[in-house]
Amino acid sequence: MDFSSFLTSLATSFIIFVVLMLLFTWLSRKPGNKEIYYPNRILKGLDPWEGGLRTRNPCAWIKEALTSSEQDVISMSGVDTAVYFVYLSTVLGILVLASVLLLPVLLPVAATDDNVKLQSQSTSNGTFNDLDKLSMGNITEKSSRLWAFLLATYWISLVVYYLLWKAYKHVSALRATALMSPEVRVEQFAVLVRDIPPPLEGQTRKEQVDSYFKAIYPDTFYRSLVITDNKEVNNIWEEMEGYRKKLVRAETVYLESKTNGNPEGTKPTNKTGFLGLLGEKVDSIQFYNEKINELIPKLESEQKVTLKEKQQASAIIFFTSRVTAASASQSLHAQLVDTWTVMDAPQPSELLWKNLPINYYERQMRQYVVYVIVALMIFFYMIPIGIISAFTTLENLEKLLPFLKSVLEQKAVRTVLGAYLPQLALIIFLAILPKFLLFLSKTEGIPSESHAVRAASGKYFYFTVFNVFIGVTIGGTLFSSFKTIEKHPSQIVNLLASSLPSNATFFLTYVALKFFVGYGLELSRIVPLIIFHLKKKYLCKTETEVKEAWAPGDLSYATRFPGDMLILTIVLCYSVIAPIILVFGVIYFGLGWLILRNQALKVYVPTYESYGRMWPHMYLRIVATLVLFQLTMFGYFGVKKFVYAPILIPLPILSLIFAFVCHKKFYRAFQSTSLEVAASHLKETPTMDQIFGSYVQPSLSHEKNEDDQFEDALSQVSRSVSMA
């Protein structure tokens, strides 16, 4: 990529961002769009604009985001979202403090050397010389100027240690405060039990579970819910719910027809055959009512069979005391680890019910198989990623596809393709991965959605680091220097190391594209807006359908955080080699903090709350990135033949010690709830029946069922014990 392509990319990305920001300002003022730009506020019963015209000022959202407190974020989007902003603030602080020292010191040091001039071929193979002069690549070998870059490596490392420690303490306090809330949180009174051994002869599963926990916790054991195989009952329930939605839609259409000049209205009809296209035409309202009435007794019958005959080796145990539940979740209940495995219960809405009965050994095998699959994906995905990085450079395209040479020689085409082609190809190629990685994580037998998201996030992080950061660097260099490597194999290390400054230009454009275009689309919400209005006009008839059309979802940590970590990895690893990239990193995370703050306060609605359990994973990824940065710098100083490079050897060791100390000091409180936190007072005595009922799946809680019908799977032991 030449300098004009870089400037074109930067300028056009900025213009796109400005246009999208102006579109947001205009579109968000229109009342018909409030469901897209203020869904979180609407769902909480708040006024979207808080005072009407005053807050429709184009810069009002910026002021509100900047002045909002951490407590505002927690009240609107939960602790997990607040923790994500701690991550953004910490990373932004690292990059700002790095920029304060590195930019005024390293840029002049690099610019005043003349290594680029001395080389017959620049580090960028004849291109991008202007930015090469601002990088470490312009420093001659063995130069005393390298001391400045070495000290900068130490400075960044110390800044990361300080801010990470401070952030870990803060997030730990946030989690404790949330868990000590006087509000009743149902999951704090329950534990999840897996790997229940077979019951004794003549003993039911319910009796086995009740007697076991009643013996251990005689005063606080309340009730148990044995997990059942709900496949059949769920199918019936989902079919019945589908007919109910269609019935409401048909009734709405019928009522609308009465307002169109026909007092009697026109009853909707449908065909009963394949996809409603074939078969007998019937009255929709009557047909759906008949179907629902047919399914109700079938559902009730299947519920009884499921609760009595399809019990699994897993259960949810309820206690009348938060302290007992917290203590039980972190205690060893059986001599053998593969029986009576007890852990804290996830929230009802995030339980992965199908995974709960999977036994200990099957979970272990699934985990190993998934790890092997992911490892193979990482390894083999480097091949297409490397090919993309190689094929999408204009020089290589001309070599591989000579017939395009006449087209590529045109200045306008060359500038545009050089500015966007490699980065867009990479972004699109990576977009297909997240859902598959989340599927793999759930396949491991993980019990909750938040845990699966954390697992998928880790896989995606390592995937992007190995395949994007390392893959692009190696792929592009190997392809462009294949003949040199073939003739002189011993030069491969030097070639790869010397490619770092030249690849910085690719990553500069990649980061710019991500923050200008990516965050511009995030703020403007053009795609959700178009989809919503199309659905509303042509598909939605009922209020429920309209609400489903504008439902915003959550922040999608499984993909958002690894994407941020990729940017941090790129910026941190190039921060000393090409310090100018720090400016782009600061803009990315600063703009991200601002725009996502607005989205958290007004748009996204969390689907679960794990009280900051994502943070230890965020922290560990930052430390891993720091170690990669330190190793990269050590290697590059070696290429520069700087004899004092071994001074950097203590840094990776210090990073590992730092990670170990933080893990020992803080992690246990994220893994489990401390008893001093669980012992805090509640505002009111919990209603245990409501806590229990929140874990009963909808397919088993049909309105006609009486509580005693569930006695086979839902025990009612110790219901008269005192509340704690």
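Leu-192 stands opposite Met-343 in β6, and 4 bridges join strand β1 (residues 190–194) to β6 in an antiparallel arrangement. The model is predicted: local features need pLDDT of at least 70, side-chain atom pairs count only at pLDDT 80 or more, and totals for chains, interfaces and linings use all residues. Residues are numbered from 1 along each chain as its sequence is written, and side-chain values use heavy atoms, with hydrogens and water left out. Helices (H or I, at least four residues) and strands (E, at least two) are DSSP runs, numbered from the N terminus.

- An open sheet is formed by 4 strands in the order β2-β5-β1-β6, with antiparallel pairing; two strands pair if DSSP finds at least two bridges between them.
- The edges are taken by β2 (221–228) and β6, each with a single partner strand, so one side of each has no neighbour in the sheet.
- On average, neighbouring strands of this sheet are turned by 25° against each other, direction ignored.
- Helix α10 (residues 205–216) packs on the sheet and touches β1, β2, β5 (311–319) and β6; contact means heavy atoms within 4.5 Å.
- The direction of α10 makes about 35° with that of β5; axes are lines fitted to C-alpha atoms, for helices over the stretch in contact, and angles run from 0 to 180 degrees between N-to-C directions.

- Lys-354 lies in the loop between β6 (341–344) and α14 (360–391).
- Lys-354 counts as exposed because its relative accessibility is 78%; exposed means over 50% relative accessible area, buried under 20%, and partly exposed in between (1.4 Å probe, protein chains only).
- Lys-354 and Thr-443 are 89 residues apart in sequence, and their C-alpha atoms are 10.0 Å apart in space.

**Helix α5**

- Val-73, Ile-74, Met-76 and Ser-77 are buried in helix α5 (residues 70–77).
- The buried residues of α5 pack against α3 (39–43), α6 (79–111), α9 (146–179) and α25 (581–602).
- Gly-78 follows α5 and has a positive phi, near 95°.

**The α24–α25 pair**

- Helix α24 (residues 557–574) packs with α25 at an angle of about 155°, their axes being 8 Å apart.
- That makes α24 roughly antiparallel to α25, a label for angles over 145 degrees.
- Residues making the contact include Arg-560, Asp-564 and Tyr-574 of α24, and Tyr-588, Phe-589 and Leu-596 of α25.

Key
Angles under 35 degrees count as roughly parallel, over 145 as roughly antiparallel, 65 to 115 as roughly perpendicular and the rest as oblique.
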